[in-house]
Amino acid sequence: MFRHQEDKLGWGRSKTSKAYKALKKLVVYYQVPPCTRLDAIVISNMLDTSITPVREALIQLETEEYIESSLGNGYYTQKLDAKKLADHFDFIKMVLTHMLRENLYEHSKFVKLPSWDDYCSVSEFLQLFCERIAGATNNSRTTDRVHESILRTRYVRWLDLQRPERLTCIRDDMSEVMELLDRRDKNGTIANLDRQFSAIINTLPDLVLEGNDRAAKTKESWLETLLSNWAES
């Protein structure tokens, strides 16, 4: 899910790696209220580990801008931000559009449509679709940036899929995209994707309100959720 960022940092299977993955999952999926102070002592006590790996993980997450710091007052979670999310969707669309214009043929047979009754399956399909096209750039910096943008928009995409009318639109649009790709209809594919990205960007204000509201309701449960994430890391 996180492209083994902790391995790139040389953490391997260390406790810092576990803390990083557990905390990152917490903030990526908004399993903690916005503007919550992430107290390294409280967290380390909850995870029954020393404070050092927790502090190192928080520093890295702040460096990656998943959380923010307040001078002399520690680290805090962030609210969903419609402008930042729109920028990530625009970046993904820009890369996909460029690659489809340059190299459509290679993308005609590469992913299968998901079970539309399974939100997780649909979410994974949409991520794989974007990453497969971006991967054709053979540019690791571009593919990593696309992956990061997908990760940072994952939660609102999941919220979007919960809406029956939006799920129906996405199902119909992606079914059409696959047919267009099979026909190697470059312009039709690009027009379809432009329509899809515009639709979710236009929906972002409502999704942000819903997402922040849902996250606010995790005030009493987020530490237990973090402990569960730690066990899975």
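Two cavities and their linings

Author: Helix H8 gives the most to the lining of the second largest cavity, with 4 residues. The model is predicted, local features need pLDDT of at least 70, side-chain atom pairs count only at pLDDT 80 or more, and totals for chains, interfaces and linings use all residues. Residues are numbered from 1 along each chain as its sequence is written, and side-chain values use heavy atoms, without hydrogens and water.

Reader: What makes a residue part of the lining of the second largest cavity?
Author: A cavity is a set of points on a 1 Å grid over the protein atoms alone where a 1.4 Å probe fits but cannot get out, and a lining residue has an atom within 4 Å of a point. Arg166, Cys169, Ile170, Asp173, Gln196 and Ala199 line this second cavity, so each has such an atom. H8 (164-182) and H9 each supply at least two of the lining residues.

Reader: Why are 2 of these residues called charged?
Author: Asp, Glu, Lys and Arg count as charged, so Arg166 and Asp173 belong to that class. The remaining lining residues are 3 nonpolar and 1 polar.

Reader: How many cavities are there, and how much space lies in the largest?
Author: The count is 2 cavities of 30 Å³ or more.

Reader: Which residues are closest to the centre of the largest cavity?
Author: Of its 16 lining residues, these are Phe89, Leu126, Gln127, Cys130 and Arg157. H6 gives the most to this lining, with 5 residues. By class, the lining has 10 nonpolar, 4 polar and 2 charged residues.

Note on methods:
1 Å grid on protein atoms, 1.4 Å probe; cavity = no way out; pocket = protein on both sides within 12 Å on 5 of 7 lines; lining within 4 Å. Points joined across faces, edges and corners; volume = space filled by probe spheres on them.
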